[in-house]
Amino acid sequence: LLNETVPKKSKDKKVSPILVGQVMDSIITGSAYPYTLYANILNRIRAESDDRDKKIYSVNSTRVAIIKAYLLRKERKLNLNKNREVLTVSLKEESTDQAYLLGRLFAILEKAQELSSKKNNLNSTIKDRYFSTASASPSTVFPSLVRLSQHHFAKIDNAKWLDIKMSEVLDKLENFPAHLDMEEQGIFILGYYHQRQDFFKKRVNKEEENENEWNY
């Protein structure tokens, strides 16, 4: 878990001994996980780019687990129920949490770009350029990304299902806020990750269906 706080391409893989002590203390005593751990993970996600050839992604299952664990324990210790509905293991389509919806929307926009460029061997996506800004200052990038998506949708065969999904998310969004605080940025990342995983799960299920039909 702590290795995820170290830059992937850094030659120095040493984890901060102070952070090690803080995390161990929270595990043993059951106290809140250190904010430093949470902030470091968000910083790593914002700073790092994906390496698709090596299958290295800034938003991965371990980092998402750390974000969720931090927020869950924080809510439990403070006796809150603010974000509990989205702190789950899979996509929460009925959620109206604005930061979560923004994360989902970003994943949908990225998916539209990927599908429109499938034959062009896409080396990078909007995530590489805009994810950091979108997760912190949504109003500065989302309007232009939504407009750009129309060009992507026009190039996709049978894009109606994805267009409907984006419309469902947009209908629940009140606006594109100027700023998301650190807690909301974590929720944004969860929404993005859950939506991406849902796309992946549906693709795998479709491939299995096709394989079963062929075997039959």
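The structure is a predicted model, in which local features need pLDDT of at least 70 and side-chain atom pairs count only at pLDDT 80 or more, while totals for chains, interfaces and linings use all residues. Residues are numbered from 1 along each chain as its sequence is written, and side-chain values use heavy atoms, with hydrogens and water left out.

Helices here are DSSP runs (H or I, at least four residues), numbered from the N terminus. The 13 residues of helix 6 should span 18 Å at 1.5 Å a residue, which agrees with the 19 Å between its end C-alpha atoms; the expected span is 1.5 Å times one less than the number of residues.

Asn-158 counts as exposed because its relative accessibility is 68%. Lys-55, in the loop between helix 2 and helix 3 (61-77), likewise has a positive phi, near 55 degrees, and is a residue other than glycine. With 65% relative accessibility, Lys-55 also counts as exposed. Most residues other than glycine have a negative phi.

Turning to helix packing, two packed helices are described by the angle between their axes and the distance between the axes. Axes are lines fitted to C-alpha atoms, for helices over the stretch in contact, and angles run from 0 to 180 degrees between N-to-C directions. The axes of helix 4 (residues 98-116) and helix 7 (residues 160-172) come within 10 Å and cross at roughly 155 degrees, which makes helix 4 roughly antiparallel to helix 7; angles under 35 degrees count as roughly parallel, over 145 as roughly antiparallel, 65 to 115 as roughly perpendicular and the rest as oblique. The contact (heavy atoms within 4.5 Å) involves residues of helix 4 including Leu-101, Leu-105 and Ile-108, and residues of helix 7 including Trp-161, Met-166 and Val-169.

Helix 1 (residues 17-29) and helix 2 (residues 35-47) pack at an angle of about 120 degrees, their axes being 9 Å apart, so helix 1 is oblique to helix 2. Leu-19, Gln-22 and Val-23 of helix 1 make this contact with Thr-36, Leu-37 and Asn-40 of helix 2.

Definitions and conventions:
Helices (H or I, at least four residues) and strands (E, at least two) are DSSP runs, numbered from the N terminus. Buried means under 20% relative accessible area, exposed over 50%, partly exposed in between (1.4 Å probe, protein chains only).
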